[in-house]
Amino acid sequence: MAGGAAVGGAAPVAGRPLIITEDPLLLDDLLRLCAAAGAEPHVHHAVPERGGASGGGVGSVGWESAPLVLVGHDAARRVRGAPRRDGVFLVGRDPDDPLVWQRAVEIGAEEVLMLPDAESRLVDRIADVVEGAGRPALTVGVIGGSGGAGASTLACALALRAARAGERTILIDGDPLGGGMDVLLGGEAAEGLRWPDFAASRGRVGAGALEESLPELHALRVLSWDRGDRVVVPPDAMRSVLAAARRRGGVVVVDLPRRVDEAVAEVLAQLDLVLMVVPGELRAVAAAGRVAAGVRMVARDVRVVVRGRCPGGLDAEAVAGLLGAPLAGEVPVEVGLPGRVAEGEPPGAQARGALARFCDGFWQRALGSAQRVPA
């Protein structure tokens, strides 16, 4: 049994999950999973029924105050009289037990988790409690419809403007063949971890630890690539890292490569919105159609950002119509931007520039919605 777990009838410490079971094997498993999630649980081996001879009500073990309650299959009958609350999980071992689902309904369980299959799911829920997870970050991907579309520039500017608006912001460079988002922000020498440091990640990545380990540039955190040999980040590691970034809340911006492989698909599946940057040129629109087809296979919401003026007769709405996606807006070419970036000024730094105005307007609309970005 894990030595750090509190056992008995004392009230649990705030923020600690509550385990209720008399099954020693199940308890050992739950303590192991709590340890993996970085949680020190409060354990109660038995819950006296209301009015029982032992005189202790369900409330005496912190049923209502614990952020998460894990009820063993053996203890379900004894907590039937407890007040209904969120965050109760019935944990068992036998998915063929016909009574386990009935017991879950009787105690108002949010979910039935069968071990060992549900171990990773349970670790995630316990870790959410430890990290105080609330609403996940609004997560926006930016992808170029063609080469040289300016997707990295827009991604950098979006992150910068979100940070300057006071949002907790993480900028993730998802393109290993790009020039590096830290370079765009003038922080290639900044201390902190890069993608190669996460290539061997397995399982859950701590959200707080991730944020603190990344370079901080212009009030935002950046996960970029280093200047060494290319390192392949497995899909599982990519998924875990992005999930950790999202759990911190605020805003996450991801710069995406145009080629959708398995790792990029893991990222696309977690995005709330993908902005496809398309230059106002016919050839660029044709290329963007092929990119959009691959992205739509995974992403939930894809919208078009038209950069620069289109040739005669082809406006931004027409470009979006040709691509079969809603128009998120137009970004005029900003005079002098490449030169300023070359001198170390990050994209979007000029508050009155076209790029900053587009980003500010985007976030005003996007962050005004609790669940999704409005059309």
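Author: A residue is called buried when its relative accessible area is under 20%, exposed when that area is over 50%, and partly exposed in between. By this rule, buried residues make up 51% of the 375 residues in the protein. The model is a predicted one. Its secondary structure comes to twelve helices and 14 strands. Among contacts between residues at least 6 apart in sequence, 69% join residues at least 24 apart.

Helix α9 covers residues 282-296, which is 15 residues. From its first C-alpha to its last it reaches 21 Å, close to the 21 Å expected at 1.5 Å a residue.

Which residues of α9 are buried? They are Ala-284, Val-285, Ala-287, Ala-288, Val-291, Ala-292 and Val-295. The spacing of such a list can be read with one general rule in mind. An α-helix has 3.6 residues a turn, so residues three or four places apart point the same way.

Two packed helices are described by the angle between their axes and the distance between the axes. For α9 and α10 the angle is about 50°, and the axes lie 9 Å apart. That angle makes α9 oblique to α10, and the crossing of the two helices is right-handed. On the α9 side, the residues in contact are Val-285, Ala-288, Gly-289 and Arg-296, and they meet Val-319, Leu-322 and Leu-323 in α10. Sorted by class, this contact has five nonpolar residues, one polar residue and one charged residue. Val-285 and Ala-288 belong to the buried residues of α9, and both also take part in the meeting with α10.

Is Arg-303 buried or exposed? Its relative accessibility is 5%, so Arg-303 counts as buried, the cut-off being under 20%. The C-alpha atom of Arg-303 is separated by 7.9 Å from that of Ala-320, although the two residues are 17 residues apart along the chain.

A second pair of helices may be set beside the first. Helix α1 (residues 24-36) and helix α3 (residues 119-131) pack at an angle of about 55°, with their axes 9 Å apart. That makes α1 oblique to α3, and α1 passes α3 in a right-handed crossing. In this contact Leu-30, Arg-32, Leu-33, Cys-34 and Ala-36 of α1 meet Glu-119, Leu-122, Val-123 and Ile-126 of α3. By class, there are seven nonpolar, no polar and two charged residues.

Helix α4 is mostly covered, with eleven of its 14 residues buried; among them are Leu-154, Cys-156 and Arg-161. After α4 comes Gly-166, whose phi is positive, near 95°.

Note on methods
Residues are numbered from 1 along each chain as its sequence is written. This is a predicted model: local features need pLDDT of at least 70, side-chain atom pairs count only at pLDDT 80 or more; totals for chains, interfaces and linings use all residues. Side-chain values use heavy atoms; hydrogens and water are left out. Axes are lines fitted to C-alpha atoms, for helices over the stretch in contact, and angles run from 0 to 180 degrees between N-to-C directions. Helices (H or I, at least four residues) and strands (E, at least two) are DSSP runs, numbered from the N terminus. Angles under 35 degrees count as roughly parallel, over 145 as roughly antiparallel, 65 to 115 as roughly perpendicular and the rest as oblique. A crossing is left-handed if the near helix is turned anticlockwise from the far one by less than a right angle, and right-handed if clockwise. Contact means heavy atoms within 4.5 Å. Ala, Val, Leu, Ile, Met, Phe, Trp, Tyr, Cys and Pro count as nonpolar, Asp, Glu, Lys and Arg as charged, and the others, Gly among them, as polar. The expected span of a helix is 1.5 Å times one less than its number of residues. Buried means under 20% relative accessible area, exposed over 50%, partly exposed in between (1.4 Å probe, protein chains only).
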